[in-house]
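Please consult the sequence and the structure shown below while reading.

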Amino acid sequence: MVELRDELLATIRDVRDFPKPGIVFKDITPVLSDAELFSRVIEHFADRYEGEDVSAVCGIESRGFIFGAALAYELGVPFVPIRKKGKLPAVVVSASYALEYGHDSIEMHRDALQADDRVVIFDDLIATGGTAEASTKLVKALGAEVIEVACVIELAFLNPRDKLDDYKVYSLVSYDAE
């Protein structure tokens, strides 16, 4: 596991001043470009959830779709997309979260989960935890259980776990300072 973390740290690319000045964007596309490394990341998470009776994986738009869908495939369970407002075609449940300036919303199809589902919520990166927290509200609104909120990268210096303190949170790579 330490080896996988070290390899991810060496592969994730920092893009300075994106999407705006002062931000250091953690770019996972080099991880996706390395088929063997990407496969090992998915296998790591699949091993983590083996025996946990996961019945669905929810992926947060958009990069959470990549990892979440691959994990769902590996586990043999449905993948449920959590999308930005207005992107899903059927009846949805919605949850709002705070942004630096204002609010935004995410949605999930109302029929995506059942009350007895056990769900992993997946995103590529958790920063402040706002989107992940809103995602837990969507899952709970449908009566399902959140087993864990999982990500490849956690920006721990932004304290995302403060918003997710009712849930288990797991990250492969954690940045304690920027």
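## Ala 132 and its surroundings

Leaving out neighbours within four places in sequence, Ala 132 contacts Ile 60, Ile 126, Val 149 and Leu 164, where contact means heavy atoms within 4.5 Å. The model is predicted: local features need pLDDT of at least 70 and side-chain atom pairs count only at pLDDT 80 or more, while totals for chains, interfaces and linings use all residues. Residues are numbered from 1 along each chain as its sequence is written, and side-chain values use heavy atoms, with hydrogens and water left out.

Ala 132 belongs to helix α5 (residues 130-141); helices (H or I, at least four residues) and strands (E, at least two) are DSSP runs numbered from the N terminus. Ala 132 is buried, at a relative accessible area of 3%. Buried means under 20% relative accessible area, exposed over 50% and partly exposed in between (1.4 Å probe, protein chains only).

## Helix packing

Two packed helices are described by the angle between their axes and the distance between the axes. Axes are lines fitted to C-alpha atoms, for helices over the stretch in contact, and angles run from 0 to 180 degrees between N-to-C directions.

| Helix pair | Angle | Axis distance |
|---|---|---|
| α3 (residues 35-49) and α4 (residues 63-75) | roughly 55 degrees | within 9 Å |
| α1 and α3 | about 135 degrees | 11 Å |

The angle makes α3 oblique to α4, and α1 and α3 are likewise oblique to each other. Angles under 35 degrees count as roughly parallel, over 145 as roughly antiparallel, 65 to 115 as roughly perpendicular and the rest as oblique.

In the pair of α3 and α4, residues including Phe 38, Val 41 and Phe 45 of α3 meet residues of α4, among them Ile 66, Phe 67 and Leu 71. By class, this contact of α3 with α4 has 11 nonpolar, no polar and 1 charged residues. For α1 and α3, Glu 3, Leu 4, Glu 7, Leu 8 and Thr 11 in α1 meet Glu 36, Leu 37, Arg 40, Val 41 and His 44 in α3. The contact of α1 with α3 has 4 nonpolar, 2 polar and 4 charged residues. Ala, Val, Leu, Ile, Met, Phe, Trp, Tyr, Cys and Pro count as nonpolar, Asp, Glu, Lys and Arg as charged, and the others, Gly among them, as polar.

## Nonpolar cores

The largest nonpolar core has 31 residues, and Val 41, Phe 45 and Phe 67 are among those with the most contacts inside it. Such a core is a set of buried Ala, Val, Leu, Ile, Met, Phe, Trp, Tyr and Cys residues joined through side-chain atoms within 4.5 Å. Helix α3 supplies the largest share of this core, 7 residues. A second, separate core of 26 residues includes Val 119, Ile 126, Val 146 and Tyr 167.
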